[in-house]
Amino acid sequence: MPSLQVVLDEITSNMASEVDRGQPADFIPELSQIDPGQFGIAVALPSGEVVESGDARIPFSIQSISKVITLAIGLGRLGDGLWARVGREPSGLAFNSILQLEQEGACPRNPFVNAGAIVVTDAVLARNEPREFLAEILQFLRTTSGHNDIFINEDVAKSEANNAHRNWALAHMLKSRSNLFNEPARVLGAYFHQCAIEMTCAQLASAGRFLINANGTGLISQDNVRHINALMMTCGHYDGSGEFAYRVGLPGKSGVGGGILALAPGRAAIAIWSPGLNKQGNSALGTMAAEQLARRMGWSVFL
Ligand SMILES: NC(=O)CC[C@H](N)C(=O)O
């Protein structure tokens with residue numbers, strides 16, 4: 001088995017020479033400014049050791065990776081009751097697609113497409129204040145990562161709120177179908193802020209360890225670990241989920257900030273960041289790096 005540090009350094013140097021780095025998200029103006037030349041990777045092992053390379057200590061916007069945390073909290077709190085409001089099937093459509101919600105009724109396909117994530121945020125928010133909801137998510141991430149310096153970037157949250165017309169459409173559609181308890185503005189305020197949490201690769205990999213532990217942890221049951229891994233594998237990269245499973249062979253969740261959290265069950269939690277996105281809105285170099293890492297370490301769950 002090659003040394004993990006050597007493999008990560010090799011991948012970082014491979015990525016430095018990639019010319020086709022994708023485009024940073026353009027629908028959140030604050031994110032469109034970010035330099036696509038950056039690349040970071042960190043791997044957290046069950047022992048707690050974290051191995052990293054490249055820009056692994058630069059905070060980035062975790063965006064949709066936050067949906068994994070709200071799902072973990074939602075499943076813990078509501079159990080299977082959550083599935084009355086959101087499905088568990090891949091959508092085969094873009095993360096912000098409106099199509100299925102109109103065609104199929106109130107229940108979004110899965111908790112990772114925006115419509116489904118907005119429902120999960122609504123369910124976890126319930127009657128609480130948005131600041132209590134956000135404090136709970138930050139606390140979850142600080143506890144699991146062991147890092148207290150994890151914060152929300154208000155400018156990113158505002159930038160999205162002012163431009164996320166599709167999310168406003170989705171939230172109003174959900175409300176019109178009686179699958180939102182709170183008012184759209186209240187849910188989306190919470191949702192834009194959870195997406196605007198910033199973390200480094202080193203912090204995110206450490207936090208991700210709660211999802212590679214076969215025995216569950218104090219925070220989440222073994223069943224929920226397995227269920228969340230399954231959903232990350234089938235739905236975590238939207239209409240790029242099949243491609244990610246084919247190339248990488250690991251459960252993963254992407255965000256339009258260019259981050260990816262991938263899990264090698266029982267072995268490693270992996271965080272990769274590079275801001276340029278591919279056509280499906282997933283990190284272009286992040287996917288490539290995850291593929292190289294899984295192959296070099298023999299970590300694909302499909303052998
Ligand atoms: N895929 C993503 O990261 C999307 C998150 C973004 N905040 C949105 O709701 O559109």
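Axes here are lines fitted to C-alpha atoms, for helices over the stretch in contact, and angles run from 0 to 180 degrees between N-to-C directions. Helices (H or I, at least four residues) and strands (E, at least two) are DSSP runs, numbered from the N terminus. The model is predicted: local features need pLDDT of at least 70, side-chain atom pairs count only at pLDDT 80 or more, and totals for chains, interfaces and linings use all residues. Numbering starts from 1 along each chain as its sequence is written.

**Stop 1: the whole chain**

Show the protein chain as a cartoon. It contains 13 helices and eight strands. Along the principal axes, its C-alpha atoms fill a box of roughly 55 × 40 × 35 Å. The radius of gyration (taken over C-alpha atoms) is compared with a globule rule of 2.2 Å times the number of residues to the power 0.38. For 303 residues a compact globule would come near 19 Å, and the 18 Å of the protein chain agrees.

Colour by burial next. A residue is buried if 20 or more other C-beta atoms lie within 10 Å of its own, exposed if 12 or fewer, and partly exposed in between, with C-beta atoms placed from the backbone. Of the 303 residues, 54% count as buried. Two residues are in contact if their C-beta atoms, placed from the backbone, lie within 7 Å. Among contacts with a separation of 6 or more, 70% come from residues 24 or more positions apart.

**Stop 2: the five-stranded sheet**

Select β2, β1, β8, β7 and β6. In that order they form an open sheet with antiparallel pairing; two strands pair if DSSP finds at least two bridges between them. At the edges are β2 (50–54) and β6 (252–254), each pairing on one side only. From one strand to the next the twist averages 10°.

Now step across the sheet. β1 (residues 40–44) pairs with β2 in the antiparallel sense over five bridges, and Ile41 has Ser53 in β2 as its bridge partner. Toward β8, β1 again pairs in the antiparallel sense over five bridges; here Val43 is partnered by Ile270. β7 and β8 run antiparallel and are joined by six bridges, with Leu261 opposite Ala271 in β8. The hairpin of β7 and β8 has three residues between the strands, and Gly266 takes a positive phi near 80° there.

Show the side chains of β8. Which residues of β8 point one way, and which the other? Ala268, Ile270 and Ile272 point one way, Ala269, Ala271 and Trp273 the other, and all are buried. In a regular strand the side chains alternate between the two faces of the sheet.

**Stop 3: helices across the sheet**

**Stop 4: helix α5**

Select residues 114–125. This is α5, with twelve residues and a reach of 16 Å from first C-alpha to last, close to the 16 Å expected at 1.5 Å a residue; the expected span is 1.5 Å times one less than the number of residues. Is α5 mostly covered or mostly open? It is mostly covered, with twelve of its twelve residues buried. Its buried residues include Asn114, Thr121 and Asp122. They pack against α3 (66–78), α4 (99–104), α6 (130–145), α8 (165–176) and α9 (184–195). Just after α5, Ala126 takes a positive phi of about 45°.

**Stop 5: the two domains**

Colour domain 1 (4–63 + 199–297) and domain 2 (65–197) separately; these bounds come from an automatic or database domain assignment. Their C-alpha centres lie 20 Å apart. At the contact between them, 32 residues of domain 1 meet 34 residues of domain 2. On the domain 1 side, α2 (29–32), α10 (201–207), α11 (222–235) and β7 each give two or more residues. The largest share, seven residues, comes from α11.

**Stop 6: Glu30**

Finish in helix α2, at Glu30. Why does Glu30 count as partly exposed? Because it has 18 C-beta neighbours inside 10 Å. Leaving aside neighbours within four places in sequence, Glu30 is in contact with Asp155, Val156 and Ser159. Draw a C-alpha to C-alpha distance from Glu30 to Ala157: they are 127 residues apart in sequence and 9.0 Å apart in space.
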